[in-house]
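Hello,

Here is the structure you asked to look at. My notes follow below it.

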2 protein chains.
Amino acid sequence: MFLVRSVSRTPVLRAPRRWAHSFPQLNSVTEHDLDYFRKILPPSAIITTLPPNPSPESELEPFNNDWMNKYHGKSTTVLKPRTTKEVSDIVKWCNDRHIGIVPQGGNTGLVGGSVPVKDELIISLANMSKVRSFDDVSGILVADAGCILQSLSDYLAPHNYVFPLDLGAKGSCQIGGNVSTNAGGLRLLRYGSLHGTVLGLEVVLPDGTVLDQLTSLRKDNTGYDLKQLFIGSEGTLGIVTGVSILTAPAPQATNNVMLALPKFENVLPLFKEVKRQLSEILSAFEFIDRRVYDLAIKHGQGRALDAEETEGAECFVLVETSGGNREHDEQKLNSLLESLMEADEPLINTGVLATSPAQFASLWAIREGLTEAVSKEGKPYKYDISVPLQKFQEVVDITREHLRSEGLMREGAVRHVVGYGHVGDGNLHLNVVADAYTPEVEAALEPFVYELVAKYNGSISAEHGIGVMKTHALHYSKNAVSIDWMKKIKQLFDPNGIINPGKVLP
Amino acid sequence: MFLVRSVSRTPVLRAPRRWAHSFPQLNSVTEHDLDYFRKILPPSAIITTLPPNPSPESELEPFNNDWMNKYHGKSTTVLKPRTTKEVSDIVKWCNDRHIGIVPQGGNTGLVGGSVPVKDELIISLANMSKVRSFDDVSGILVADAGCILQSLSDYLAPHNYVFPLDLGAKGSCQIGGNVSTNAGGLRLLRYGSLHGTVLGLEVVLPDGTVLDQLTSLRKDNTGYDLKQLFIGSEGTLGIVTGVSILTAPAPQATNNVMLALPKFENVLPLFKEVKRQLSEILSAFEFIDRRVYDLAIKHGQGRALDAEETEGAECFVLVETSGGNREHDEQKLNSLLESLMEADEPLINTGVLATSPAQFASLWAIREGLTEAVSKEGKPYKYDISVPLQKFQEVVDITREHLRSEGLMREGAVRHVVGYGHVGDGNLHLNVVADAYTPEVEAALEPFVYELVAKYNGSISAEHGIGVMKTHALHYSKNAVSIDWMKKIKQLFDPNGIINPGKVLP
């Protein structure tokens, strides 16, 4: 039975629409449970608002709420174990007692996957933050799940290696969370997905068993690769406590160039040509449509290109190279630009090549500032989708036309429909910028956008995951057989449904 | 009940040691079953020795025996479906009737995974050999499981793409089999494992359900990545019928160089230096110990290097580069060689750089001829293992010393203990060359080698898989918890135990 916490005065906790789950089979944390936790953890590893010595609610706030302040949990207790054994002991206890658990890394997710739905126990991995080993010949790193991504990058730098994953939240996200959400980020085009680079995992299963598959081997064909199940399952099958991962030799040089295109139709032939000429040094190919470029400049994100460079441009592409030899890379990039400009029917109008670190940063600032620009312009409805590259512009245009036909492309409703994203990965960020979040706009967008994505056999969540935000929409990207088997897997690993309840599965 | 086939006169089928499995719960194929198969398949898709119109036994031989002629099945019937629907119908029937099934691709495996243990029905994927789609912008290829690897490479060549997998058996192995065995091969160092490059799979599950996860998306974080379970599970969880995979832009230039090293201790610092200088164009780093090099030359595998080039060399390393610009790649390679030769304490004695396609092929001929040279020299016990790079030579030397201490390093017993392999992947091929396969040598080698590998937390099967050959040794590389969970997964997907019985799990 779900016990209403004694400190609550309101008989019913009203959760926002879409995640009004309830777990009648789960119990709340009680003082009796805390007695046990105090036996296995030091006082500093326990934060609780329960008697007899309650911490102030404020101490739990950063754990109960996500960074966007969009998802809100009501957990009474956060535990911060320091070892895998401690995690195991806690989980075993909770499984026996049917207490829901939310594993939490840096809590930087965008879909509410790391925040309690009700008052589940939060297990923060923050105190497990040691590098366990690094082999500077093979480049294989083994680390606690709670290591912050930036700290691992810093650790690798003097060894001349880079982490095969990079993303905006690197200053606070944790590697265990990255693995659990199969984070994509900025280096995917170059280094591939975590399914390829993660070599081993240590996972505490929902019954408290430690599944130790923390090998440091690039090749190991001895039976089922079970660790893969935990990559991207958003902590619903177990808690990742350790990660073994293949890091990459650090590039010696990086360059970038912003290309202005007269029309979207040129993006794909351009991508082919760039891949052909830059080959192994291509590390990013980012699409920016004209409308969102203008928003970025309007809101001071990056330095505007000269008027003559942007005149007549329908969209832009930011190309980045990373390689082992600066001179060679620059030659390849220059030769690419020459051939593009000298073509009989040029695919680009102009290209702006960064010739200094400051210019390099300035070009990236435009791309990285798009999210902020959109937020400054209005209230964005954000869709992180995968569709075939050919359909990038179509998805944006069709969505805009649909809103127009609904009479919503007007002041007081929707201002802009824009697109940008990782062409190289097939990942489009569709942004609908409204004056306010209204049921009217939302009803026009959903399920319209999801149905559009499904029509192209795309993904309704390219990299952000499902969390609690999109469980209702999972069926647009996964067929009934797949969802059925996901449920069977969940049932097999977590028959009591204690681990991250309400997430991923509808 | 297991029915002894009526054509058999021997009451007991004697299987070789180690795979004397029996499946009392499974039934043999009967004429009644064939009646059904004839309803859904054309006559050309059925080969059977059962009445009323039996094919000659010889027609089943290529399916019942592996290419080494080491594993022998007694199947009466091979079906060659042309569509996923046909595979599904067959599997559903067999599941209802409790008939064992062996999915078979090119039957090029090394561990008996694609040959029946008794008289299971063989489903050959050979008739499913169409490319379903190819997108020459994204490089994503979708193909039937029965496509032969070489034919896919040939298909991609005019599009300027390469398959991210290459291996010796490419002329007959099939992509479905490659995926099911998580084949590694020669390009792993460059393009990573199939867990990273396979984007989607279509799988017929043991109850006949079609699990369609055949997406062509690089990024798709919508729930559990179930397809990963079928990569490397050797056909024991379902039959892969379709594969979606990311191919790579074709390199414009390849180069290689054979480096002679005075001592093994130099291999690792050399690997680090080569990785640093060649960075993204390094595509192979192959270790060859002196003894096996000498065997290769003795047996005419590749052209011998000059005496002065090999004098004092304890081992060799073959380095290959693949890149987008011949001139740049050659500059990088030349500059590497110069820096290696001019060092105060050179890591290498000499380096032989291929300057023509013929020389390029000649250097690779040495490396690729090692397997054949070893077979010509005697009877090889072959171990395909992963161990930390630092331990490559140690594993070879310790094994030799162990055999010496057992009095087996002598004429009439063991002639050579040699090692070679993919340093870049941590994958060592340990070869013990004996005069004959004898119980004495085998007893000295096993479990000795497996225990040695386990001591280094290595893998007893880096790329060949488990099949029927190594089920008894699985526990040296997988702990009890892992094996227990593998069994639970198998039970979940295949409760009747019909798919590839006797393989992978002990």
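Which residues of the largest nonpolar core touch the most other members? The model is predicted, and in it the answer is A:F37 and B:F37, in a core of 253 residues. Setting aside neighbours within four places in sequence, A:F37 contacts A:V29, A:I46, A:L79, A:I90, A:W93, A:C94 and A:L121. As background, nonpolar side chains in soluble globular proteins tend to be buried together.

Next, a sheet in chain A. Seven strands form an open sheet in the order 15-12-14-13-17-18-16, with antiparallel pairing. Strand 15 (350-353) and strand 16 (379-386) of chain A each have a single partner strand, so they stand at the edges with one side lacking a neighbour in the sheet. On average, neighbouring strands are turned by 15° against each other, direction ignored.

Helix 11 (residues 326-342) of chain A packs on this sheet and touches strand 12 (253-261), strand 14 (315-323) and strand 15 of chain A. The direction of helix 11 makes about 10° with that of strand 12 of chain A. Helix 12 (residues 357-368) of chain A runs at about 50° to strand 12 of chain A.

Strand 12 of chain A is largely enclosed by the rest of the structure, because eight of its nine residues are buried. Strand 12 of chain A is joined to strand 14 of chain A by nine bridges, antiparallel, and A:N256 stands opposite A:E320 there.

Regards

Notes:
Residues are numbered from 1 along each chain as its sequence is written. Chains are lettered from A and ligands numbered from 1 in the order in which they are written. This is a predicted model: local features need pLDDT of at least 70, side-chain atom pairs count only at pLDDT 80 or more; totals for chains, interfaces and linings use all residues. Side-chain values use heavy atoms; hydrogens and water are left out. A nonpolar core is a set of buried Ala, Val, Leu, Ile, Met, Phe, Trp, Tyr and Cys residues joined through side-chain atoms within 4.5 Å. Buried means under 20% relative accessible area, exposed over 50%, partly exposed in between (1.4 Å probe, protein chains only). Contact means heavy atoms within 4.5 Å. Two strands pair if DSSP finds at least two bridges between them. Helices (H or I, at least four residues) and strands (E, at least two) are DSSP runs, numbered from the N terminus. Axes are lines fitted to C-alpha atoms, for helices over the stretch in contact, and angles run from 0 to 180 degrees between N-to-C directions.
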